[in-house]
Amino acid sequence: MDNEKKIVLSGIRSTGHLHLGNYYGALRNFVEMQNDYKCFFFIADYHSLTTQPDPALLNPSVRSILAEYLAAGLDPDKANIYIQSDVPETCEFYTLLNMHAYVGELEKTVSFKDKVRKNPNNVNAGLLTYPVLMAADILQHRADFVPVGKDQVQHLEMARNYAVRFNHFYHTDLLKEPRPFVAQGEPIKVPGLDGSGKMGKSEGNCIYINDDDKTVIKKVKKAVTDMTPTEQNSPMSDPIKNLFYFLQLVSTQEIYDQYLAAWNDCSIRYGDLKMQIATDILKVTTPIRERYNEIYADSDYLNKVAAQGAEAARESCRKTLKAMREIMGFKHF
């Protein structure tokens, strides 16, 4: 692979903690990507302001996400890991890019309409121009690829449109059109514990990677099930499919086959299945949680990582921003 190609992550906001959906759906891929590409991974604290979080919680949330990134395997010596607000160039780039974003197209974005529906009393300008800030995060680094989930494909397409629009308007090729990064194999969509949909913070159906043993066991025990099968080789309902999907993610093939056989011959006990899932989840998350606790307590290390990442990100952004300003007519006399 060409290790000069860049990848920008723009999907982790600074609210809450990382959960198993984040870990299996993205983070494990990022750990591999950093070995083959020039990567920029950042914590989107500006983005979190669109929902007006408690100021007292913003800094601890950013600290937690950074510590979780590092505990999960991101290496600051291989990838550029930074905090969005540590790069003031992003704000200027965002401002300039806003001049080429139209209100009509922003009002049509799926995420904006969804947020307006859910929070009609907090429809702020930042929420409307969220896709522009996301585009700025990407375009300022002249990223070649961006790993995105299905819910972010529209935003990436808008970033591509802004790049094309800017280049056409100013007769330049400055801004690259980022492409979605497609990981090998089928995308992993970790289900929620409520028996439907995917795992997500807003749905309240998450297992976080820093949950302690008791919390993980308690959450898995509450997972939705139905009646045990009474006929051999019965079809599974969605909640049971979810449990077996969890088992497939975290357990060995031998254990998975054992419980599948128990399902097919009607001898399965959901309590045993849930305990097996919880035990194997903890085999994955416990080393991460222990590493997280060490890193979170080390302020000097976290500040060093953040400063190192910010310096690299600012150097990357300045080059694009300087050229952008000159192209738009901002020059010395």
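**Exercises: cores and a helix crossing**

In the largest nonpolar core, which has 62 residues, Phe244, Leu273 and Ile281 touch the most other members. A nonpolar core is a set of buried Ala, Val, Leu, Ile, Met, Phe, Trp, Tyr and Cys residues joined through side-chain atoms within 4.5 Å, and buried means under 20% relative accessible area with a 1.4 Å probe, protein chains only. This is a predicted model, where local features need pLDDT of at least 70, side-chain atom pairs count only at pLDDT 80 or more, and totals for chains, interfaces and linings use all residues. Residues are numbered from 1 along each chain as its sequence is written, and side-chain values use heavy atoms, leaving out hydrogens and water.

**Exercise 1.** Describe how the axes of helices H4 and H8 cross.

*Solution.* 
- The axes of H4 (residues 89-98) and H8 (residues 130-139) come within 9 Å and cross at roughly 120°.
- H4 and H8 are therefore oblique to each other; oblique is what remains once angles under 35 degrees (roughly parallel), over 145 (roughly antiparallel) and 65 to 115 (roughly perpendicular) are set aside.
- On the H4 side, Thr90, Phe93, Tyr94, Leu97 and Asn98 take part, meeting H8 residues that include Val132, Leu133 and Asp137.
- By class, this contact has 8 nonpolar, 2 polar and 1 charged residues.

Note on methods. Buried means under 20% relative accessible area, exposed over 50%, partly exposed in between (1.4 Å probe, protein chains only). Axes are lines fitted to C-alpha atoms, for helices over the stretch in contact, and angles run from 0 to 180 degrees between N-to-C directions. Helices (H or I, at least four residues) and strands (E, at least two) are DSSP runs, numbered from the N terminus. Contact means heavy atoms within 4.5 Å. Ala, Val, Leu, Ile, Met, Phe, Trp, Tyr, Cys and Pro count as nonpolar, Asp, Glu, Lys and Arg as charged, and the others, Gly among them, as polar.
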